[in-house]
Amino acid sequence: MSQPAFLILDDSASERLIIKHVLSDAFPDAAISQANDAESARGMFAAMSLDCILLDYSMPQMDGVAFAEELRRAYPHLPIVLVTGVGDEMLVSHAMRRGVTDYIPKSRINVESMRRIVERAIQSCSLRKIVVAQREELETFAYALAHDFKQPIRQIRTFTELISQEVPNGDSPELQQYLTFLGQAAQRLGSLVDVMSQYTLLNQEPELHQISLAAVMENVTGALNSEIKERGAVLTFTGDVSLHGNETLLGQVLQNLILNGMKYNKSDPPRIDVRATCTIDECTIAIQDNGIGIAEQYLGEIFRPLVRLHTTSEYAGTGLGLTLARKAILAQHGTIECESEVGVGSTFIVRIPLSGGPSRRPDEAATH
Ligand SMILES: Nc1ncnc2c1ncn2[C@@H]1O[C@H](COP(=O)(O)OP(=O)(O)OP(=O)(O)O)[C@@H](O)[C@H]1O
Ligand SMILES: [Mg+2]
């Protein structure tokens, strides 16, 4: 930062003077502007590029936090330091959730603390800007990759089938086998790419509405009809509840969990029971199977990308189904966990709030 530009917004001329004095001692090269109300501050933002704003928390004509929120929307990476009076510190965490980067209490303003806090705010905003830009770039790259891979994979599969039809069966059994392997590899690559594009799409905030679980289950049962018949599985559903979620995402999650329940299952018949119950603020959906079960030490692992407890020759799969399911549930402010006993079966428990509130378990939401 060659010559940093700062703005002090405070309705009190004497407070502005004190802050300006300390700020110019902390940053001798800085260009420091002042405004006494939001309107003149807006004008300055339009006219110049600022490196940091120091904003008074309580001004008679204006709510400092509401103004910070407005600035955050317009300037996502602007360092905003809130200057708080006695007692205002209590409200700092609320202010930081609304877009404030850091704060400095008026009682503790001195050259050293001013330099430290302003530099920290500038650094954290520039790091966040880099992270956001890199994430966007990665998402675009992953999306393009998934999209561009689809066509050549389809072509490999089609031509493999055409070649295998052309090669006379009895002439070269090895060749037929190689073609079968080639077709299977292309199919697996196709599934991986499909799953990758789903994963990328899940980075966007989904629209949440009031939805009926029975309607979601009806679609899921329809989509899985042939797999259920093929496996001779029994799927039951009880508990038509209404919850605040996304029909498509919840449908994908249930589909993944039911497919897993049928796939990792040696019972005859495989049974999957889906049961929903609600408390006053949350809906719990239990998806229980009578399958092979999962050993306790793997219960936390299975939601991580590409974790598979079996080889592809035992059970086919990409190892991303549960990662996607977890991401989709977190996007609906919910949680997912698994209880299981080897040889008895597994129960996946999904919890989703009934209204659009935050997850009951912020620790889980934070790790996604
Ligand atoms: N209901 C279940 N019973 C027993 N093991 C399970 C069950 N669900 C998942 N697993 C284990 O967890 C692993 C991860 O499951 P996940 O659904 O993420 O991937 P996958 O089924 O291997 O592949 P896909 O991405 O095609 O779903 C599985 O490979 C399997 O070992
Ligand atoms: Mg799966």
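Me: Before we start, what should I know about the numbering and the model?
Reply: Residues are numbered from 1 along each chain as its sequence is written, and chains are lettered from A and ligands numbered from 1 in the order in which they are written. The model is predicted, so to speak with care, local features need pLDDT of at least 70, side-chain atom pairs count only at pLDDT 80 or more, and totals for chains, interfaces and linings use all residues, while side-chain values use heavy atoms, with hydrogens and water left out.

Me: Okay, how do H1 and H5 cross?
Reply: Helix H1 (residues 13–26) and helix H5 (residues 111–166) have axes that come within 8 Å and cross at roughly 75 degrees. That makes H1 roughly perpendicular to H5, a term for angles of 65 to 115 degrees, where under 35 would be roughly parallel, over 145 roughly antiparallel and the rest oblique. Helices here are DSSP runs (H or I, at least four residues), as are strands (E, at least two), numbered from the N terminus; axes are lines fitted to C-alpha atoms, for helices over the stretch in contact, and angles run from 0 to 180 degrees between N-to-C directions.

Me: And which residues meet there?
Reply: From H1 come Ile19, Val22, Leu23, Asp25 and Ala26, and they meet Val111, Met114, Arg115 and Val118 of H5, where contact means heavy atoms within 4.5 Å. By class, this contact of H1 with H5 holds 7 nonpolar, no polar and 2 charged residues.

Me: What about H2 and H3, at what angle do they pack?
Reply: Helix H2 (residues 38–47) packs against helix H3 (residues 64–74) at an angle of about 20 degrees, and their axes are 12 Å apart. That makes H2 roughly parallel to H3. On the H2 side the contact is made by Ala38, Ala41, Arg42 and Phe45, and on the H3 side by Phe67, Glu70 and Leu71.

Me: Switching to H9 and H10, how close do their axes come?
Reply: The axes of H9 and H10 come within 9 Å and cross at roughly 150 degrees. The contact involves Leu249, Leu250, Val253, Asn256, Leu257 and Asn260 of H9, together with Gly321, Leu322, Ala325, Ala328 and Ile329 of H10, and its residues divide into 8 nonpolar, 3 polar and no charged.

Me: Which residues lie nearest the centre of the largest pocket?
Reply: Asn260, Lys263, Ala316, Gly317 and Thr318 lie nearest its centre, among the 41 residues that line the largest pocket.

Definitions and conventions
On a 1 Å grid over the protein atoms alone, a cavity is a set of points where a 1.4 Å probe fits but cannot get out, and a pocket is an open set with protein on both sides within 12 Å along at least five of seven lines; lining residues have an atom within 4 Å of a point. Ala, Val, Leu, Ile, Met, Phe, Trp, Tyr, Cys and Pro count as nonpolar, Asp, Glu, Lys and Arg as charged, and the others, Gly among them, as polar.
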